[in-house]
Amino acid sequence: MASSCHASLISLSLVLTILSFSNAQPAAPAPGPAGTPNLTAILEKGGQYTSFIRLLKETQLDKQIESQLNNSYAGFTVLAPTDNAFNSLKAGTLNSLSQTEQVALALYHVLPQYYSIENFQTVSNPVRTQASGSNGVYTVNITSATNQVNISTGVNDVTISNTLRSTFPLAVYSIEKVLLPNDLFGAKPPAHAPPAPAPAGKTSKSDTEGPSEAGTSTSSNSAVGIKWSSLAGLSLVGATLGALL
């Protein structure tokens, strides 16, 4: 009986020791705040944005956008064209653009404000993008009805087809066309035509007139010529009369 009580006391002591040890362990740290959204990782997870990722990397905008997210209170919205969208472009479209124009094209797909799908319903047009040129900031027009968001550039129109991320400060939406800014792809005004050449065989008045005397005009030369011819005529008449007499 005594041994049984002793064993129970030992077991109870072990249990208390284990419990006290467990309570002494430091608590697991609370989850920290979410880090800056990684735009490239979001697009890679989407699986069909290889061309857009390459454009962002070649223009070094992927890092710039992520860096600006740290200092932006308004957030950003990215309109990400799919690979099919880039494949639908006319061959050589991107290669025909200068480095500066490629940067503008990439930035044209970035809005300097966070927009949820619901926010698009009350947006004021035109909507600014991150792109700009000699004519100022590039803009788009956005309309929304029954959860369908349409975007117009003046050159082409597209509808948001999918949401890749909708949490502030970064919203990423999928589109099936590359947005073409009017400043880069709009119709160019016709160049002024050069003046038509003169018809063959015709010459200008200045080519047929002789050189004028220095310091006198053409009209004054004509008047002088008339006076001298009149004097020459009077002399001839005088000579004729003298001979008859």
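Residues are numbered from 1 along each chain as its sequence is written, and side-chain values use heavy atoms, with hydrogens and water left out. Because the model is predicted, local features need pLDDT of at least 70 and side-chain atom pairs count only at pLDDT 80 or more, whereas totals for chains, interfaces and linings use all residues.

Helices (H or I, at least four residues) and strands (E, at least two) are DSSP runs that are numbered from the N terminus, and two strands are said to pair if DSSP finds at least two bridges between them. On this basis, seven strands make up an open sheet in the order β2-β1-β7-β6-β5-β4-β3, and the pairing within the sheet is mixed. The edges of this sheet are formed by β2 (110-111) and β3 (127-133), each of which pairs on one side only.

Strand β5 (residues 148-152) runs antiparallel to strand β6 (residues 157-165), and three bridges join them. Within this pair, T159 of β6 is the bridge partner of N150. The hairpin of β5 and β6 has four residues between the strands, and in this hairpin G154 takes a positive phi near 95 degrees. On β6 there is also an antiparallel pairing with strand β7 (residues 170-175), which extends over four bridges and in which N162 stands opposite S174 of β7. The hairpin formed by β6 and β7 likewise has four residues between its strands.

In the loop between β6 and β7 lies P169, which is joined to F168 by a cis peptide bond with omega of about 15 degrees. The loop between β2 and β3 holds P126, and the peptide bond from N125 to P126 is cis, with omega near -5 degrees. A further backbone feature is found at Q60, a residue other than glycine whose phi is positive, near 60 degrees; Q60 is placed in the loop between α3 and α4 (61-69).

The packing of helices was described by axes, which are lines fitted to C-alpha atoms, for helices over the stretch in contact, with angles running from 0 to 180 degrees between N-to-C directions. The axes of helix α2 (residues 39-46) and α3 come within 10 Å and cross at roughly 160 degrees. That angle makes α2 roughly antiparallel to α3, since angles under 35 degrees count as roughly parallel, over 145 as roughly antiparallel, 65 to 115 as roughly perpendicular and the rest as oblique. Helix α3 also packs against helix α6 (residues 99-107), at an angle of about 125 degrees and with the axes 10 Å apart, and α3 and α6 are therefore oblique to each other. The crossing of α3 and α6 is left-handed, as is that of α2 and α3, where left-handed means that the near helix is turned anticlockwise from the far one by less than a right angle, and right-handed that it is turned clockwise.

The largest pocket has a volume of about 260 Å³. A pocket is an open set of points on a 1 Å grid over the protein atoms alone, where a 1.4 Å probe fits and protein lies on both sides within 12 Å along at least five of seven lines; lining residues have an atom within 4 Å of a point. Grid points are joined across faces, edges and corners, and the volume is the space filled by probe spheres set on the points. The lining consists of 14 residues, of which S51, R54, F86, L89 and L94 lie nearest the centre of the pocket. Helices α3 (50-58) and α5 (83-87) each supply at least two lining residues, and the largest share, four residues, comes from α3. By type, the lining divides into five nonpolar, six polar and three charged residues, where Ala, Val, Leu, Ile, Met, Phe, Trp, Tyr, Cys and Pro count as nonpolar, Asp, Glu, Lys and Arg as charged, and the others, Gly among them, as polar.
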